Amino acid sequence: MSINESRKELLGIIKDVKSYVKLEKKSGVEYIAAAGKGRAGLSEVRKEVFSCKACPLHKTKTNYVFSDGSETAKLMFVGEAPGADEDLQGVPFVGRAGQLLTKMIEAMGLKRRDVYICNVLKCRPPGNRSPLPEEVRACKGYLVRQIDIVSPKVICCLGKHAAQALLDTDVPITKVRGKEMEFNGKLMIPTYHPAYLLRNPPAKKEVWEDLKKIMKILSED
Ligand code: URA
């Protein structure tokens, strides 16, 4: 077969695949493009994170902490940064605050594997200090790409650092908690961080109100 004939055949195959995908999409099937794009996209971001040296935190961390849960989730939780347990295991929200987050997810009638969980920072700040503005700036691009690729219906920011990082302001969490906001065309609802709830259990009542609001939005498909 000549080069021209092979090229023609290849173009024919591409045309066939395109019309097949178009037909599937017309009949409501979104997963072909979505799954392909999603997985390839996230594994690329993960790969970049796992060799990131954009701020000094990579020198003191044990593991990069990328995400947990479903890459096609409708609900995404964004925390602040890995703590000691997360740093050791390389998985977000597995310590005491993480166990409470798991209970919150289950109270919503979901499992951890149904939602996507990640943090603003992918490396643990030493001694669990708060993220520095320059660390947030260095790391935020990864989170923005995770949000874009997972494309959840609702982003739930856990605590002030996640909310402030995405809103790009220093607004207090009390001012935005439970409010329907927007990030890059996605609905975003901040709530209190589970670590705060461990220190201040009465605030669980307000968080439950926020979670119920999210459940209602998720059920309206
Ligand atoms: N706190 C966070 O913000 N993220 C984690 O992964 C664990 C605790």
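## Strands β2 and β4

Phe 77 has Cys 156 of β4 as its bridge partner. Strand β2 covers residues 75-79 and strand β4 residues 154-158, and the two pair in the parallel sense over four bridges. Two strands pair if DSSP finds at least two bridges between them; strands are DSSP runs (E, at least two residues), numbered from the N terminus.

This is a predicted model, in which local features need pLDDT of at least 70, side-chain atom pairs count only at pLDDT 80 or more, and totals for chains, interfaces and linings use all residues. Residues are numbered from 1 along each chain as its sequence is written, and side-chain values use heavy atoms, with hydrogens and water left out.

## The sheet

The open sheet has six strands in the order β1-β3-β2-β4-β6-β5, with mixed pairing. At its edges are β1 (68-69) and β5 (181-183), each pairing on one side only.

## The ligand

Around the ligand (a heavy atom within 4 Å) are Gly 79, Glu 80, Ala 81, Glu 86, Pro 92, Phe 93, Asn 119 and His 193.

A backbone N or O atom of Ala 81 is 3.0 Å from a ligand nitrogen. A side-chain N or O atom of Asn 119 lies 2.7 Å from a ligand nitrogen, and one of His 193 lies 2.8 Å from a ligand oxygen. Of the 230 Å² of accessible area that the ligand has on its own, the protein covers 91% (Shrake-Rupley method, 1.4 Å probe).

Conventions: A polar contact is a pair of N or O atoms within 3.5 Å; within protein, one must be able to donate a hydrogen and the other to accept it, and residues adjacent in sequence count only if both atoms are side-chain atoms.
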